[in-house]
Amino acid sequence: MRTYFQKCMNNTDCKDAEEALTQTRENYESFFNTIDDFLFVLDGEGNILHTNQTVIDRLNYTKEELIGKSVLLIHPEERRAEAGRIVVEMLSGKAQFCPVPIITKSGRQIPVETRVSHGIWNGKPAIFGVTKDISQIRFSEEKFSKVFYLNPSACGLSDIKTGAYTEVNEAFYALLGFDKDEVIGKTASELGIISRDDINSIIGKTGGNEKITDAEANLMAKNGSIKHVLLSAENICVQDRILRYTVVNDITERKLAAEALLKSELNLRELNATKDKFFSIIAHDLKSPFNGIIGFSNLLSDQIREKNYEGVEEYAEIIQISSRRAMDLLTNLMVWARSQTGRIEFSPEYIELVALIDEVDELLGNSIHQKSITITRDIPHGLIVYADKAMISAMLRNLISNAYKFTNSGGKISISAQLRADDVLVTVSDNGIGIQKEVIEKLFRIEQSYSISGTQNEQGTGLGLILCKEFVEKHGGKIWVQSEKGKGSKFSFTVPGIW
């Protein structure tokens, strides 16, 4: 009785075990056959022991046509030796995968990557093969390749860790002028295209994001020229590698055109300011001295007619001052007009500076003596400058005349010149009324010209200093002023010297 029961129990266990084993096999087959990859079980000779349903369905073979046959049957005949060799290399750890395509029964090739490993099948050593269809990946790579290599914009792929270029397109070489062997394996900063600091600055402006879209940047070509570009970049996956994909659109011509337009607008504003200033001078500053001349000459004529000579000398002096002012103004206007229309030729020559200042002193002598102003000089004899005589003379005349206007009677004017390493520094200074700080920056600008009356109500237009700036810049020099209200002014300019 006990023996019979025990037998029954053993039969029940066996039955349960068999059912469990059957279920496991069914589960395995179900899972095995739902995998999209081609799965193979091979013996040690490379003959097919088992496949999944994907192999049968996609290669259009029956199981009977495959089982027991060499796996090389599903490779192109001309590449079977290659496939066999690579499989051996994979099993020995010398290769990671086999790129040889497989073929359907009808002969259509499918691009794949096959990986193999050792295993046990039915208790015997076997080889497990997993073949992945990479048609879509290959198609995507081909599309990317076309977009990359045929892109009219400069494109580059670089290693995400090192930043070294792994590939660039022809537009890259055309834009920056490098050869392929100079670029591959080098970073942009190593090539001098863009500094690491500039790269970090661009990334910083995007909030540290990996993706960059149309960031403005300046790149340096191999020949040193600067390319203004819009730079876009992001990380992409290519054949299991993460690379940095960068696209550069050259906007140099657009940028230069925009800068030229801006410059044109600034020139137009300056021309308008010049026109407004010219009309202002004609309408007011030129009219004023002639009103004085006409008014006081009428008074003078009436006095003489009535033989009343009281005040005649005063009227004559006012007429003289007004006439001189009108003459100075007309002279500056004519010179300025010629400079604006490009009719003044720049004709530098060797000039002895002391002799030139003597000529200017002679022209201004009477005016200066009327205010009992003392002029001192500190100019080395024989100091030669290479300059346009008419322009330098006009500059000195305007600066000395201004110093006279804004210096009180009994004051002092100093004229000095100093030979320096690269030029000659000329300075005209006075101990007159000085200039307010906020006014100084307006003195050499036509659109903001500023004029005040002198110590004896001498009038000016501010045009003389603008002429000085234009003339000194034609010589490649600079002009500037140092002044303090109530303590005088010091005007300085530079011109080329002779060594």
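Which residues touch the most other members of the largest nonpolar core? In this predicted model, local features require pLDDT of at least 70 and side-chain atom pairs count only at pLDDT 80 or more, while totals for chains, interfaces and linings use all residues. Residues are numbered from 1 along each chain as its sequence is written, and side-chain values use heavy atoms, with hydrogens and water left out.

A nonpolar core is taken as a set of buried Ala, Val, Leu, Ile, Met, Phe, Trp, Tyr and Cys residues joined through side-chain atoms within 4.5 Å, where buried denotes under 20% relative accessible area, exposed over 50% and partly exposed in between (1.4 Å probe, protein chains only). In the largest such core, which has 41 residues, the members touching the most others are Leu353, Ile379, Ile392, Leu396, Leu443, Phe491 and Phe493. The most is given to this core by helix 13 (residues 389-405), with nine residues; helices (H or I, at least four residues) and strands (E, at least two) are DSSP runs numbered from the N terminus. A second, separate core comprises 23 residues, including Tyr165, Leu175, Ile193 and Ala221.

Ser153 lies in the loop between helix 5 (135-150) and strand 7 (154-159) and counts as buried because its relative accessibility is 13%. Contact being defined as heavy atoms within 4.5 Å, Ser153 contacts Asn169, Ala171, Val247, Val248 and Asn249 when neighbours within four places in sequence are left aside. Glu113, by contrast, is located in strand 5 (residues 112-121) and is partly exposed, with a relative accessible area of 23%. The C-alpha atoms of Glu113 and Cys98 are 5.6 Å apart, although 15 residues separate the two in sequence.
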